[in-house]
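Dear colleague,

I am passing on the structure we spoke about, and below it I have set out what came out of going through it. Please read the notes alongside the coordinates.

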Amino acid sequence: MSRRSSNEGLQSEPLRAALTSALAGKPEALEDLLGRLGDGHGARPNLRLAAAFGAEISGLPGNPSRLLDRLGANDGAPDTPEVFLPIAAAHGWAGRLRADREVGAAWAALATLAGDERAPVRLGTLDALASFAGRPGGGRALLAQALEWLELDDREIRFGAAGVVVEVFANRQVLAAVADPETLLDYLSRAIAAITDAPRAAERSDARRRLLLALPRTLAGVAAGLRTGERGAAWLEEECRNTRHPDLREALSKTILILADKSSGQGAVLAQTLRAALEGSAKPPRDPTRKRPGAARGRSSRPIR
């Protein structure tokens with residue numbers, strides 16, 4: 001691979017030749033090269049190659065859906081080279097979105113890839129969606145689809161895709177590109193409602209746990225973001241004031257700790273306001289007289305129940 005920009009597409013002649021053969025119905029050489037060069041099972045998948053593949057796919061005059069479906073359907077284990085093929089597919093579908101081609105098929109495929117149980121596939125899909133959402137109009141388009149993904153029947157894909165979307169907006173560049181903060185806040189409210197309204201059986205869901213883990217950094221960015229600004233802070237304060245669900249309270253507590261951290265550069269005032277709101281919505285102790293003296297010391301750096 002050349003070190004030129006991945007936005008120019010594939011710079012490797014063997015890869016370009018293999019792609020031509022794959023589009024003609026002979027995908028084996030392309031799959032072999034992508035698997036060997038992609039390092040999807042390594043510590044750092046070759047997302048530059050995936051982005052170059054997506055750029056190449058975006059410029060194709062024909063319809064590459066059959067090939068992208070095949071790559072995306074590969075069920076290689078996360079510790080095998082084949083796991084890079086769905087990563088390439090995610091970037092390929094994002095490329096078709098940029099070209100405004102096969103839009104419906106692209107969004108449907110990206111939902112499934114975002115909800116994949118394999119961490120490398122989710123990482124690659126996150127990278128593809130973040131790149132798309134950072135473009136003008138991309139964030140709005142992603143949020144419109146993400147709202148529909150919250151209605152998917154498959155619980156693991158529903159929560160898994162939501163977790164990836166939430167992570168996309170933890171990216172400062174993507175957050176700064178949001179044209180309409182209300183749309184993002186509406187999506188986050190609905191994602192939170194999906195967590196709190198889910199039946200108890202859903203608490204065993206790995207995808208639901210990933211969504212909860214994704215929330216704090218994004219919520220902190222929304223509360224302190226330039227575009228979301230005071231509106232984002234007010235929205236988060238309202239969430240803190242109204243939430244009762246223990247899992248969500250834990251996520252909000254982590255959000256407050258992020259904002260209170262000096263390295264975040266946000267200062268303590270916002271964190272203190274949110275802490276007061278979250279503490280105010282806590283269940284009262286069964287016997288307030290049994291509270292130990294000094295139990296409130298150091299509470300600004302302690303999680304809130």
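Of the 305 residues of the protein, 48% count as buried, where buried means under 20% relative accessible area, exposed means over 50%, and partly exposed lies in between (1.4 Å probe, protein chains only). This is a predicted model, in which local features need pLDDT of at least 70 and side-chain atom pairs count only at pLDDT 80 or more, while totals for chains, interfaces and linings use all residues. Residues are numbered from 1 along each chain as its sequence is written, and side-chain values use heavy atoms, with hydrogens and water left out.

The protein has 15 helices and zero strands, both taken as DSSP runs numbered from the N terminus (helices H or I, at least four residues; strands E, at least two). Among its contacts with a separation of 6 or more, 68% are made by residues 24 or more positions apart, a contact being heavy atoms within 4.5 Å. The protein exposes about 15600 Å², of which carbon and sulfur atoms supply 49%; accessible areas come from the Shrake-Rupley method with a 1.4 Å probe, and for residues only the protein chains shown count as cover.

Two loop residues deserve a line each. Asp 39, in the loop between helix H2 (28–38) and helix H3 (47–58), has a positive phi near 50° although it is not a glycine, and is partly exposed at a relative accessible area of 34%. Asp 100, in the loop between helix H5 (84–98) and helix H6 (103–114), is likewise a non-glycine residue with a positive phi, of about 60°, and is exposed, with a relative accessible area of 59%.

Best regards
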